[in-house]
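Here are my notes on the model you sent. Please read them with the structure open.

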Amino acid sequence: MAEWVMAEILNNPNVMKNVQDELTEVIGMNSIVEESHFPKLRYLDAVIKETFRLHPPLPFLIQRCPDESCKVGGYTIPKGTTVYINVWAIQRDPENWTNPLEFKPDRFLNQKWDYNGNNFKFLPFGSGRRICPGLLLGEKILVYILASLLHSFDWSLPKDEELELSDEFGFVTKKRKPLIAIPSQRLSDASLYF
Ligand code: HEM
């Protein structure tokens, strides 16, 4: 997931600038990232959510199988049916999202969105009683990795390297071509890197 976020940020230089400006403001150029900074990194949070929208790691969630026949959205689901929930399609549906294929973190800046699976337009961690139990851990690790990478380093693509954003179909949505990016020191105090 961190790879997808880095790829989207590298593909959108204005987003990279906004993320790094926020990191500079919240953390400062003489410190490194700590957990206490996380709640203040609202733009980075929006960037991560927008990446989850376009690249949900589990595009079909885990299959459901009702033990009684039921009706959902006007459709009868017979007992024992294997039901796939196509989150990938839901999160790119123009009925749910304006210009769904555009990477626009601002749509998540209004604090209306969370990962709890109560809004069926945005379900990267699933929903209901089988929602991902690692949600809080997964989210925190992701913020920590990305904030650290983007605060401590500037990033560029190798010369003549074209950025590829296509995915590979599977149980988990992987980038078709691994991202290669080059870091350079961003903080002036070299001792912060040890
Ligand atoms: C970016 C991080 C992660 C994402 C996007 C993610 C996403 C998901 C999704 C979509 C599901 C299926 C939920 C559903 O069908 O409603 C799931 C299930 C699950 N996840 Fe995660 N997950 C992440 C991290 C983790 C971590 C860190 C752990 C454990 C430490 C974890 C453990 C599990 C388990 C055990 C299930 C199965 C739950 C069940 O079937 O009751 N996940 N995850």
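1. Cys132 is listed by UniProt under "binding site", in an unreviewed entry. UniProt positions follow the numbering used here, feature names are shortened, and annotations may be inferred rather than shown by experiment. Cys132 sits in the loop between helix 4 and helix 5. Helices are DSSP runs of H or I with at least four residues, strands are runs of E with at least two, and both are numbered from the N terminus.

2. A word on the source. This is a predicted model, where local features need pLDDT of at least 70, side-chain atom pairs count only at pLDDT 80 or more, and totals for chains, interfaces and linings use all residues. Residues are numbered from 1 along each chain as its sequence is written.

3. The cut-offs are 20 or more other C-beta atoms within 10 Å for buried, 12 or fewer for exposed, and partly exposed in between, with C-beta atoms placed from the backbone. Leaving aside neighbours within four places in sequence, Cys132 is in contact with Phe125, Gly126 and Gly138. Contact means C-beta atoms, placed from the backbone, within 7 Å.

4. The ligand is surrounded by 17 residues (C-beta atom, placed from the backbone, within 6 Å of it). The closest are Leu61, Gly126, Cys132, Gly134 and Gly138. The shell divides into twelve nonpolar, four polar and one charged. Here Ala, Val, Leu, Ile, Met, Phe, Trp, Tyr, Cys and Pro count as nonpolar, Asp, Glu, Lys and Arg as charged, and the others, Gly among them, as polar.

5. Check the backbone at Leu61. Leu61 is not a glycine, yet its phi is positive, about 50 degrees. Leu61 lies in the loop between helix 3 (42-54) and strand 1 (70-72). Leu61 has 23 C-beta neighbours inside 10 Å, so it counts as buried.

6. Asn99 also deserves a look. Asn99 has a positive phi of about 40 degrees and is not a glycine. Its place is in the loop between helix 4 (87-90) and helix 5 (135-152). Asn99 counts as exposed, because it has 9 C-beta neighbours inside 10 Å.

7. Helix 2 (residues 13-27) packs with helix 5 at an angle of about 95 degrees, with the axes 9 Å apart. That angle makes helix 2 roughly perpendicular to helix 5 (65 to 115 degrees). Val19, Gln20, Leu23 and Ile27 in helix 2 meet Ala147, Leu150 and His151 in helix 5. The residues of this contact divide into five nonpolar, two polar and no charged.

Definitions and conventions. Two residues are in contact if their C-beta atoms, placed from the backbone, lie within 7 Å. Axes are lines fitted to C-alpha atoms, for helices over the stretch in contact, and angles run from 0 to 180 degrees between N-to-C directions. Angles under 35 degrees count as roughly parallel, over 145 as roughly antiparallel, 65 to 115 as roughly perpendicular and the rest as oblique.
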